[in-house]
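Hi there,

Here is the structure I promised to pass on to you. Please have a look at it first, and then read my notes below.

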Amino acid sequence: MTITVYHYPKCTSCRKALAWFKNEGIDVEAKDIVLETPSAAQLKEMVDATGIPLKKLFNTSGMKYRELELKDSLPDMPESEQFELLASDGMLIKRPISFDGKQITLGFKESDFVENWKND
């Protein structure tokens, strides 16, 4: 299955992740997270398929997250609203997201990439 990488071109971690895939000879479908923000349904599919906690999808260090004061409001927000909120603005989503339908990595940590994406 194809690995889709949602990235932000100015993000250093995103560039490192894409370079890692290229160096490993792994073809990915790269999508600019701002121009092609995953829909609420796609985000829910990621959570359902991988069991990753929904709160991990939020870019908690981002300006938008702080501007909206999400640290305080997220705990009481219904999941459906959280998915819609994430889908409304790619800058709210932790990046890069690498997802193949079964597994996911958030951010770039080389050891996680080796464990999840390295071909045997």
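**What I found**

Glu-69 is exposed, with a relative accessible area of 54%; since the cut-off for exposed is over 50%, that residue qualifies. Please keep in mind as you read that this is a predicted model. Glu-69 sits in the loop between helix H3 (63-67) and helix H4 (70-73). Its backbone is worth a look too: phi of Glu-69 is near 50 degrees, a positive value in a residue that is not glycine. Another backbone feature to check is the peptide bond from Arg-95 to Pro-96, which is cis, with omega near -10 degrees. You will find Pro-96 in the loop between H5 and E3. For context, most residues other than glycine have a negative phi, and most peptide bonds are trans.

Now to the sheet. It is an open one, built from 4 strands in the order E2-E1-E3-E4, and its pairing is mixed. Strand E2 (28-32) and strand E4 (104-106) are at the edges with a single partner strand each, so one side of each has no neighbour in the sheet. From one strand to the next, the twist averages 15 degrees. Strand E1 (residues 3-7) pairs with E2 in the parallel sense, over 5 bridges. If you want a place to start tracing that pairing, Ile-3 has Val-28 in E2 as its bridge partner.

How enclosed is E1 by the rest of the structure? Largely so, because 5 of the 5 residues of E1 are buried. Ile-3, Val-5 and His-7 point one way from the strand, while Thr-4 and Tyr-6 point the other way, and all are buried.

Helix H1 (residues 12-24) lies across E1, E2 and strand E3 (97-99), and runs at about 155 degrees to E1. Helix H6 (residues 110-117) lies across E1, E3 and E4, at about 170 degrees to E4. The axes of H1 and H6 come within 11 Å and cross at roughly 40 degrees, which makes H1 oblique to H6. The crossing in which H1 passes H6 is right-handed. On the H1 side of this contact are Ala-17, Trp-20 and Phe-21, and they meet Glu-110, Phe-113, Val-114 and Trp-117 in H6.

Finally, the nonpolar cores. The largest has 23 residues, and Leu-57, Leu-70, Leu-86 and Ile-97 have the most contacts inside it. Helix H2 (40-50), helix H5 (79-88), E3 and E4 each supply at least two residues of this core, and H2 gives the most, with 4 residues. Leaving aside residues up to four places away in sequence, Leu-57 touches Leu-43, Val-47, Leu-86, Leu-92, Ile-93, Lys-94, Ile-97 and Leu-106. There is also a second, separate core of 8 residues, which includes Val-5, Ala-17, Phe-113 and Trp-117.

How values were computed:
Residues are numbered from 1 along each chain as its sequence is written. This is a predicted model: local features need pLDDT of at least 70, side-chain atom pairs count only at pLDDT 80 or more; totals for chains, interfaces and linings use all residues. Side-chain values use heavy atoms; hydrogens and water are left out. Two strands pair if DSSP finds at least two bridges between them. Axes are lines fitted to C-alpha atoms, for helices over the stretch in contact, and angles run from 0 to 180 degrees between N-to-C directions. Contact means heavy atoms within 4.5 Å. A nonpolar core is a set of buried Ala, Val, Leu, Ile, Met, Phe, Trp, Tyr and Cys residues joined through side-chain atoms within 4.5 Å. Buried means under 20% relative accessible area, exposed over 50%, partly exposed in between (1.4 Å probe, protein chains only). Angles under 35 degrees count as roughly parallel, over 145 as roughly antiparallel, 65 to 115 as roughly perpendicular and the rest as oblique. A crossing is left-handed if the near helix is turned anticlockwise from the far one by less than a right angle, and right-handed if clockwise.
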